[in-house]
Protein chains: 4
Amino acid sequence: KAPIALITGPCQLESLDHARMMAERIAAACAPTGTQFIFKASYDKANRSSLSTARGLGMEEGLSILSKIRDEFGCPVLTDVHDARQCAPAAEACDVLQIPAFLCRQTDLLLAAGETGAAINVKKGQFLAPWDMANVAAKITSTGNTRVMLCERGTSFGYNTLVSDFRGLPIMAQTGFPVVFDATHSVQQPGGQGTTSGGQREFAPVLARAACAVGVSALFIETHEDPDSAPSDGPNMIPVDQMEALIAQLRAFDALAKGLAA
Amino acid sequence: KAPIALITGPCQLESLDHARMMAERIAAACAPTGTQFIFKASYDKANRSSLSTARGLGMEEGLSILSKIRDEFGCPVLTDVHDARQCAPAAEACDVLQIPAFLCRQTDLLLAAGETGAAINVKKGQFLAPWDMANVAAKITSTGNTRVMLCERGTSFGYNTLVSDFRGLPIMAQTGFPVVFDATHSVQQPGGQGTTSGGQREFAPVLARAACAVGVSALFIETHEDPDSAPSDGPNMIPVDQMEALIAQLRAFDALAKGLAA
Amino acid sequence: KAPIALITGPCQLESLDHARMMAERIAAACAPTGTQFIFKASYDKANRSSLSTARGLGMEEGLSILSKIRDEFGCPVLTDVHDARQCAPAAEACDVLQIPAFLCRQTDLLLAAGETGAAINVKKGQFLAPWDMANVAAKITSTGNTRVMLCERGTSFGYNTLVSDFRGLPIMAQTGFPVVFDATHSVQQPGGQGTTSGGQREFAPVLARAACAVGVSALFIETHEDPDSAPSDGPNMIPVDQMEALIAQLRAFDALAKGLAA
Amino acid sequence: KAPIALITGPCQLESLDHARMMAERIAAACAPTGTQFIFKASYDKANRSSLSTARGLGMEEGLSILSKIRDEFGCPVLTDVHDARQCAPAAEACDVLQIPAFLCRQTDLLLAAGETGAAINVKKGQFLAPWDMANVAAKITSTGNTRVMLCERGTSFGYNTLVSDFRGLPIMAQTGFPVVFDATHSVQQPGGQGTTSGGQREFAPVLARAACAVGVSALFIETHEDPDSAPSDGPNMIPVDQMEALIAQLRAFDALAKGLAA
C-alpha cells in the first residue's frame with residue numbers, strides 16, 4: 001500500500017501568478033513528508049449557489065495555466081469538467097479530470113471523460129448511496145478506461161448540511177478503485193449563507209484524520225493563502241500556511257492505518 | 001386562481017405511435033374535468049442509474065415527435081434538456097423546457113434555457129432546501145425570461161429514499177412563481193433496485209392529494225399504459241387507465257383549497 | 001367512516017381557570033361543525049430541552065383539573081404519562097393516555113398504559129420508521145387493550161428539524177388502528193432556540209390540510225389564547241381565536257377525502 | 001491526556017457465570033495494552049423493538065451480579081437505568097450509571113442519576129444535535145454532580161439507519177466533559193430486521209478507529225463470545241476473541257491522536 005496522495009490547490013484559478021504561488025507553497029508543504037500532490041484548480045465554477053458570484057477564468061486561460069503548472073512543477077494537475085465537450089481539451093492540459101458531485105450520474109459526461117484515457121476522479125453525489133457508485137464507475141470503465149477514483153464529499157443531511165458517513169469509504173473501496181476523501185467540501189454548508197455556501201473549516205482536519213484512520217488512497221483538501229478573501233469556498237478552505245503541519249499529521253495516521261513506517 | 005394544470009405523459013418517448021396513443025388517452029382522461037394538460041416525454045434519459053438501461057430515441061427524433069403531438073392535439077408539450085446547446089432546438093419543438101433536478105444549479109443550462117423565452121420548469125435538486133430555489137430562479141430571470149415554474153420532486157432522506165416536505169411548497173411559492181408538485185418522482189427510490197431506481201407507485205396519489213390540499217399550480221404525474229414494462233420509471237408511474245379518476249379526485253381537492261366551484 | 005376528531009388544548013396546564021377558559025373556547029370553536037374534541041393538556045413537561053423551563057402543575061393538581069374539565073364540559077380528556085406508575089391514576093382522571101414520542105419504545109410504560117383499559121394515543125418516535133409502529137402497538141395490545149391510536153408528529157431530518165412523511169399515514173393505517181396527525185409538534189424545531197424548541201406555527205395548518213387530504217382519523221393541534229406567552233410550545237401552537245376557521249377548513253378536506261357530506 | 005478507556009461487556013446479563021467468563025476474557029484482552037475497562041451489562045432491555053424478545057434478568061439479580069464482578073475483578077461496572085427509582089440501587093452496585101439515548105431528555109431520570117453521585121454516561125439521543133447535549137449535561141450538573149460523560153451512538157438518517165457525524169465529538173467536547181464513542185450501537189440498524197434491530201458489525205472497528213483519530217476519552221464496544229446467539233444486539237457486537245487485537249489497534253490511533261508514547 002502506498003502512502004496517501006494529496007489532491008490540493010485553490011478552489012478556483014485566479015491568475016497564473018496566483019497558481020504559481022500556490023503550487024510553490026503546496027510543494028513546500030508536501031516536501032518534508034515526501035507527499036505526492038496533484039495540483040487542483042477550477043477554470044469555471046459552473047454551479048454556484050447564485051449568479052452574483054465569480055465563475056472563474058474560463059476554459060482556455062484556465063487550461064493554459066494548469067498545463068504551465070504541470071510543466072514548471074512537474075506535478076500532475078486536476079480540473080473539473082462540466083460538459084462532455086470539455087473533456088478532450090481538459091485532458092490535454094491535465095492528468096486527472098474530475099466529475100462534480102451534482103453531475104456524477106450524467107452518462108455523456110462520464111463517457112466522454114472516460115474516453116480521454118485520463119484518470120477520472122468522480123465525486124459521489126450528495127444524493128447518492130456509496131454502493132450506487134459502482135454503477136457510476138461502470139459507466140466510465142465501459143470506455144475501457146479503468147483509471148477511476150471515487151471521492152466522498154458528504155451526503156445530504158436535512159437542509160443546508162452535509163454529513164460524512166465513514167462507512168461509505170470501505171463500501172466504495174469494495175469496487176477495487178482508489179477512494180478519496182474530500183475534507184474541505186465535506187464541511188460545506190450548501191446554500192448556508194443565502195447566496196453562497198457556508199462551511200466549517202475547523203472540522204476539515206478532524207474529518208481528514210478520521211478518513212486516514214479508516215483508510216483511503218488520497219485526500220482532497222482545498223487551500224488558499226487567504227481563504228476569507230478567496231473568490232469561492234473560502235469558508236471551508238484550509239490556510240496554506242497550515243498545510244505542512246496538517247499533512248504531517250495525516251501522514252502519521254495514514255502510516256498507522258496502512259502499517260507503513262511513519 | 002386557476003385550477004391545477006397537469007404535466008403528464010410517459011417518462012420516455014418510445015415511438016410516434018406510442019406518444020399519439022398516450023396523448024389520446026391523456027386527453028380523454030382530462031376531458032371530463034376540463035383539465036388543461038401539458039404533454040411530457042423525454043427524448044434522452046441522460047442520468048440513468050446504470051449504463052445498461054435504455055436512454056431513448058435521441059433529440060432529433062424525439063423533438064420531431066413532440067412537435068407533432070403539439071400540432072395534432074393542440075396541447076403544450078414539455079421535455080427536459082441536459083445541456084445548454086439542447087435548449088434552442090428543444091424550445092422550437094416544445095412550449096416548456098424542463099431542468100432536471102441534478103442539473104438545477106448548472107448556470108449555463110439555466111441561462112440557455114431562459115434565453116429561449118420558453119417557459120421553464122425547474123425541478124428542485126434532491127440536495128437543495130426549498131428556500132435555495134430563489135437563487136435558481138434568479139439565474140433564469142436574469143435573462144429577462146420570467147416564465148419560471150418551481151417543481152418539488154422529493155428531498156434526500158437517508159440512502160435510496162426521498163421524502164416530500166410539504167412546507168417546501170409554500171416556501172417556494174413565496175418567490176411568486178407557480179409551484180408544481182411531481183407526484184411520481186417523489187415516490188422514487190433512487191438506485192433502490194441495484195441498477196435501476198425503485199418506486200412506490202401506491203403513494204403517488206396520496207402525495208398528490210396532499211399537494212392539492214396544500215395548494216399548487218400544477219401537478220406532474222408520469223403515466224403509461226403498462227408501467228411494469230415501460231423502459232424507465234415503471235415502478236412509480238401511474239397506469240393511464242387510472243388517470244381519469246385520479247384527476248377528478250385531485251381537481252376536487254384543488255377546488256376546495258382554492259375556493260373554486262368543484 | 002367518521003369525520004375527524006380533534007385532540008386539542010394548551011400544551012401544559014396552567015390553572016383550573018385557564019383550562020376552563022380554553023375548554024370553553026375550544027368547545028365554541030368546534031360547535032359550528034359539530035366536531036368532536038378531546039381536551040388535551042399536560043400536567044408535567046418531563047423532557048424539556050433544558051432545566052430552566054417550566055415543567056407544570058404536577059400530577060395531582062393536573063389530574064384534578066382534567067377530571068373537572070371532563071365533568072364540566074362532558075368531553076373526553078387526554079394527558080401524557082411518563083412513567084408506568086402514572087398510568088393508573090391518570091386513567092382514572094382521563095379517557096385517553098398519551099405516550100410521548102421519546103418514550104414510544106419503553107415497554108413497561110406501554111404495558112402499564114395498556115393495562116388501564118384506557119384508550120392509548122402513542123406518538124411515533126422521531127427516530128422510528130412508520131412500519132415499526134406495528135411492534136409498538138403490539139406491546140399495548142398484548143395487555144388485551146386494543147384501543148390504540150398511532151400518532152405521526154414528525155421524523156428527524158438533519159439537526160433541529162423534523163419532516164412530515166405523509167407516506168407514513170397510510171403505512172400506519174395498515175395496522176388497522178386509527179391514525180392521528182399531530183400538526184403542531186410536526187412543525188417543532190427541536191432545540192432550535194438554544195434552550196427551548198422553536199417552531200414554525202405558520203406551517204401547522206398547511207400540514208394539517210395535507211393530512212386530511214391523505215386521510216386520518218383525528219388531528220392533534222395544540223392551541224392557546226396567547227401562544228407567544230405560553231409556558232411551552234408557544235412557537236408552534238395555534239392561537240385559539242383561529243381555531244374555528246381552521247377546523248371548518250379541515251373538516252371540508254376530511255369530508256372530501258372520506259366521501260362524506262361536507 | 002490519558003489513553004482511551006473502554007466501556008465493554010455483553011449487551012445484556014445472562015448469568016453470573018456468563019458475566020464472569022466475559023469479564024475474564026475482557027480483562028485478558030485489555031491486559032497487554034494496560035487498557036482500563038469498565039464492565040458494562042444491562043439487567044433489563046427496557047425498550048426493545050418488540051415484545052417477543054428477551055428483556056433480561058431483572059434489576060435485583062442483575063445488580064447482584066454486577067457488584068460481584070466489581071469485587072472479583074476490581075474493575076468499575078456500568079449499567080443503564082430506565083426510571084428515576086432505579087438510580088439509587090443501581091448506584092450502590094455500579095460505578096457508572098448510563099442514561100439510554102431515548103431517555104436522554106427525561107429530566108427526572110437525569111436528576112435522580114445525578115443525585116446518586118455516581119459517574120453518569122449519557123447517550124446522545126438519535127434525534128438530538130450534538131450541541132443540544134449541553135442542556136442535557138446541565139440537568140445532571142444541577143445536582144452538584146459533575147461526573148458526566150457524553151456518548152455519541154449515531155443519529156437518525158432516513159429510516160432504520162443511523163449515521164455517525166464525527167463533527168459531533170469535538171462539538172460535545174466543548175462542554176468540557178469526556179466524550180465517549182459507542183462503536184457498536186452506531187452501526188445498529190434500528191428495527192431493521194422487522195421485530196429486532198439489525199447491525200453492521202463489520203463497520204464497528206472502522207468507526208472506532210475514526211473516533212480515536214478524531215479524539216475521544218473512551219470507547220464503548222459491546223462484545224460477546226458468540227454474538228450470533230446473544231439474546232440482544234448480536235448483529236452489532238464484536239466477538240470477544242477479536243477484542244485484544246482491536247484494542248491494540250485503537251490504542252495506537254489514540255496514542256497518535258493524543259501525542260502519547262505508543
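This is a predicted model: local features need pLDDT of at least 70, side-chain atom pairs count only at pLDDT 80 or more; totals for chains, interfaces and linings use all residues.
A salt bridge here is a side-chain nitrogen of Lys or Arg within 4 Å of a carboxyl oxygen of Asp or Glu. Residues are numbered from 1 along each chain as its sequence is written, and chains are lettered from A in the order in which they are written. Local features need pLDDT of at least 70, side-chain atom pairs count only at pLDDT 80 or more, and totals for chains and interfaces use all residues, while hydrogens and water are left out of side-chain values.

**Exercise 1.** State how many salt bridges cross the interface of chain C and chain D, and what chain C brings to that interface.

Solution. 
1. The rule finds 2 salt bridges across the interface of chain C and chain D.
2. The side of chain C that touches chain D consists of 13 nonpolar, 14 polar and 11 charged residues (Ala, Val, Leu, Ile, Met, Phe, Trp, Tyr, Cys and Pro are nonpolar; Asp, Glu, Lys and Arg charged; the others, Gly among them, polar).

**Exercise 2.** Find the area that chain C and chain D bury between them.

Solution. 
1. Buried area is the accessible area (1.4 Å probe) lost on putting two parts together, summed over both.
2. For chain C and chain D this is about 3400 Å², with 49% on carbon and sulfur atoms.
3. In chain C, the residues C:Leu51, C:Arg105 and C:Tyr159 lose the most area to chain D, together 21% of what that side buries.

**Exercise 3.** Compare the radius of gyration of chain A with that of a compact globule.

Solution. 
1. The radius is taken over C-alpha atoms, and the globule rule is 2.2 Å times the number of residues to the power 0.38.
2. For 262 residues the rule gives a value near 18 Å; chain A has 17 Å, which agrees.
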